[in-house]
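Let's work through a structure together, one question at a time.

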Amino acid sequence: RAVRRTGAAPGDGVWVTGHPGDAVAGRLLLPQADSGVAAAALRRRFLYPEPRVREGLALAGIASAMLDVSDGLDDDLRKLLVASGVGAELDVGALPLSAELRSVRSGGAIECALTGGDDYELCFAVHPADEPRLRELAATWTVPVTRIGTVVSGAGCRWRLHGQPLDVPDTTYRHF
């Protein structure tokens, strides 16, 4: 019942759990002495990640494709799309940015969410007919789940902000 990266199809919704970008913001705050509540929460997200194992297991049979976000949402979503042979239209305005991220990195919150890693949130595709089951299931979780776009024919991630194309900087960490 493993959900692989290869099952996304045109028309599926693109979803993400939690708040991508929090962990990288926490890592960037480590050398600073900021002792505010928001900064402490972001540091905690980096130092003590909570992989979404429970949610991932629950998505078996609902998600058509899935992976964890460890190298940045944009980079990891691209891996899923390539494996599935599809593209995606995505709305930056739909990104579930946490209040802590917005308060600490107001000007860089979107970049943190798209290119930061170590969140271990889940990014997954769901067929429209299965979205009611997803919403019912997600209502029992302690972590939010947000639809951020739609799988389309073609290739690549096409991010839009207020209807305008958004180029995502290639600042994702590269292992090799």
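Q: Which residues is T17 in contact with, leaving aside its neighbours within four places in sequence?
A: Contact means heavy atoms within 4.5 Å. This is a predicted model, where local features need pLDDT of at least 70, side-chain atom pairs count only at pLDDT 80 or more, and totals for chains, interfaces and linings use all residues. Residues are numbered from 1 along each chain as its sequence is written, and side-chain values use heavy atoms, with hydrogens and water left out. With those neighbours set aside, the partners of T17 are R52, E121, L122, F124, W141, V143, P144 and V145.

Q: Is T17 buried or exposed?
A: Buried means under 20% relative accessible area, exposed over 50%, and partly exposed in between (1.4 Å probe, protein chains only). The relative accessibility of T17 is 0%, so T17 counts as buried.

Q: Which side chain makes a polar contact of 2.7 Å with the side chain of T17?
A: A polar contact is a pair of N or O atoms within 3.5 Å; within protein, one must be able to donate a hydrogen and the other to accept it, and residues adjacent in sequence count only if both atoms are side-chain atoms. At 2.7 Å, the side chain joined to that of T17 belongs to E121.

Q: What is the phi of Y120 near?
A: Most residues other than glycine have a negative phi. Y120 is not glycine, yet its phi is positive, near 55 degrees.
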